[in-house]
Amino acid sequence: MVEYRAVSKRYPNGTLALSDINLTINKGEFAFFVGPSGSGKSTLLKLILKEEDPTEGEVFVNGYELSKMTRKDIPLLRRSLGVVFQDFRLLPNKTVYENVEFAMQITEALPKEIRRQVPMALALVGLSKKAKAYPGQLSGGEQQRVALARALVNNPSLLIADEPTGNLDPETSWEIMKLLAEVNYRGTTVIVATHEKSIVDAMKKRVIAIDRGVIVRDQEKGQYEDEVKNHQIHY
Amino acid sequence: MKLRTTKYIIKEGFVNTYRNVLMSLASMGVVSASLIILGFFLVITANIEHNTRFLKEQPEMQVFCNPNLDDYQVGMVQWTISKDDRIESYEVVDKAAAFEKAKEMLGEDKEILEGLDESIMPVSFIIKLKNSKDYEEVVEEYKNYPGVDNVQYSQKAIDFVNKILRMLQIGSTALIIILSAIAVFIISNTIKLTVFARRKEINIMKYIGATDWFIRWPFIVEGIIIGLVGAVASFGIIYIVYALGGRSIVNDMAMLELVSMGDMSFQLISTFCLIGAFVGALGSVISIQKYLRV
């Protein structure tokens, strides 16, 4: 589903963000990218979206070899993905319904399909009753759920979430995480970049820890921090 | 592009124009102002062309016979002229008429002619050609015709008018380029404000997989609306000013004939709309380019 082959990324200002990353995330997996700010986890996500290109190595997403894609093809790649951001990124002058609908309009979907899919996506995130509200009238958690509905409305096979709970209180964060787990349970591959230790620890999913541009740990049913290290600190 | 996408794009274009109504109006004003200046140039050119067209269409020349020719010899010249199929029509100015005309022209000084009679005056023929391109040839031929003293013609006037017309044409072309460049610059700045206000939206659109053209088109529609409204407004202003002002100027110069606005309207409005739409679209494309690189 997503594969990084010997990927390195150096930004024009000289910062080495990633160094020789080899990583595969399979279809149907739920994976956390964890690590401190500046560790390179955001860069890993940007490579999936082809917002950045690797300096070396190759990235494969949903069967596309990204280095062989031209700028013109990027929209096709992005339509096969769902993306959720820390700051929600909703259009403030469109209603909840229109925000979700919009993601289908740009794919030139049939109106019939739009009328079927949008209510379904809103129902999935539990916001059917707020369809006519504007983002400004919603709480942070609700806004993030709208963003999630928008990400899911085109039935993507891969969902990417960059710090999806970064602006939310713990309780709301949990709701969002439960929704992401639900989405994953229905078959969508989910990748979440976060530094919320409590959530990562409780979810017991695959954890890929990144520090200074290298993968320092990759565990099934992992924890935010290395248990051994944790142990030593406690002593 | 599908029909519903086209509908979406056109709707967005109108909504955006309305949302920034003040800036849109300002841009429309600039487009109008540029087109009005251009329009007056075009109208003046059209009028000069119209009022000098007789110089091009029916060039006149006057063939003067030697005053000493007898009637038979003059008849020979007249016969040659009447048989010349390059000549559309001719008019005979006989000795008496020429004498009267000379007196008239001298006015107060007509005593110079005292003691003289019409016999000193030459018979002449005022000739209209079918085609102005035969001009030089005909002039040369009749100059050398036996019994012909002189051929007067208005070549200098034609050259002069042509020169002015050419200058006006170059002037209006230069003006189109300069004014268009200014209008493009100002429209692109207006749309840049719209784009800047909506950069987040553009960014979001890029992330959820909108193509560049899907994002660009509504802005192009906005630019075209600004351009077209500006074009129509400037046409209206020129129409009114021409109807009111044109007559009063021409009344002072009775010999001039005003081109009717009806004859020019189609050309003017289509030129304006083309320039307006092009300038608006170009301004949009330029201003949005930077924000599409995500």
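Trainee: Start with chain B. How do strand β1 and β4 of chain B pair?
Mentor: Strand β1 (residues 60-65) of chain B pairs with β4(B) in the antiparallel sense, over 5 bridges. Keep in mind that this is a predicted model.

Trainee: Which residue in β4(B) is the bridge partner of B:Gln62?
Mentor: B:Gln152.

Trainee: And what is the strand order in that open sheet of chain B?
Mentor: The order is β2-β3-β1-β4, 4 strands in an open sheet of chain B. The pairing is antiparallel. At the edges are β2 (87-93) and β4 (148-153) of chain B, each pairing on one side only. From one strand to the next, the twist averages 20°.

Trainee: Which strands does helix α5 of chain B lie across?
Mentor: Helix α5 (residues 135-143) of chain B lies across β1, β2, β3 (124-129) and β4 of chain B. Its direction is about 160° to β4(B).

Trainee: What about confidence? What pLDDT does chain B average?
Mentor: Chain B averages 82, and 92% of the residues score at least 70. Among the elements of chain B, helix α6 (residues 155-197) has the lowest mean pLDDT, 79. Helix α9 (residues 261-288) of chain B has the highest, 88.

Trainee: What ipTM and pTM does the predictor give the complex?
Mentor: An ipTM of 0.82 and a pTM of 0.69.

Trainee: Over to chain A. How many strands are in its open sheet with mixed pairing?
Mentor: That sheet has 6 strands, in the order β6-β7-β8-β3-β9-β10 of chain A. β6 (81-84) and β10 (214-219) of chain A stand at the edges with a single partner strand each, so one side of each has no neighbour in the sheet. Neighbouring strands are turned by 15° against each other on average, direction ignored.

Trainee: Do β3 and β9 of chain A run parallel or antiparallel?
Mentor: Parallel. Strand β3 (residues 30-34) of chain A is joined to strand β9 (residues 206-211) of chain A by 4 bridges. One pair to look up: A:Phe33 has A:Ile208 in β9(A) as its bridge partner.

Trainee: Which strands does α6(A) lie across?
Mentor: α6(A) lies across β3, β7 (158-162) and β8 (189-194) of chain A. It runs at about 155° to β8(A).

Trainee: At what angle do α5 and α6 of chain A pack?
Mentor: About 15°, with the axes 10 Å apart. That is helix α5 (residues 140-152) and helix α6 (residues 170-185) of chain A. An angle under 35 degrees counts as roughly parallel, so α5(A) and α6(A) are roughly parallel to each other. The crossing is right-handed.

Trainee: Which residues meet there?
Mentor: From α5(A), they include A:Gln144, A:Arg145 and A:Leu148. From α6(A), they include A:Glu175, A:Ile176 and A:Leu179. By class, the contact of α5(A) with α6(A) has 6 nonpolar, 3 polar and 2 charged residues.

Trainee: Last pair. At what angle do α3 and α4 of chain A pack?
Mentor: Helix α3 (residues 96-105) and helix α4 (residues 111-124) of chain A pack at about 130°, with their axes 10 Å apart. α3(A) and α4(A) are therefore oblique to each other. α3(A) passes α4(A) in a right-handed crossing.

Trainee: Which residues meet in that contact?
Mentor: Among them are A:Tyr97, A:Val100 and A:Met104 in α3(A), and A:Ile114, A:Val118 and A:Leu122 in α4(A). The residues of the contact of α3(A) with α4(A) divide into 9 nonpolar, 2 polar and 3 charged.

Technical notes:
Residues numbered from 1 in each chain as written. Chains lettered and ligands numbered in written order. Predicted model: local features only at pLDDT ≥ 70, side-chain atom pairs only at ≥ 80, totals over all residues. Heavy atoms only, no water. Axes fitted to C-alpha atoms, helices over the stretch in contact; angles between N-to-C directions. Helix = DSSP H or I, 4+ residues; strand = E, 2+ residues; numbered from the N terminus. Parallel < 35°, antiparallel > 145°, perpendicular 65-115°, else oblique. Left-handed = near helix turned anticlockwise from the far one by under 90°. Contact = heavy atoms within 4.5 Å. Nonpolar A, V, L, I, M, F, W, Y, C, P; charged D, E, K, R; others polar. pLDDT = per-residue confidence, 0-100. Pairing = 2+ DSSP bridges.
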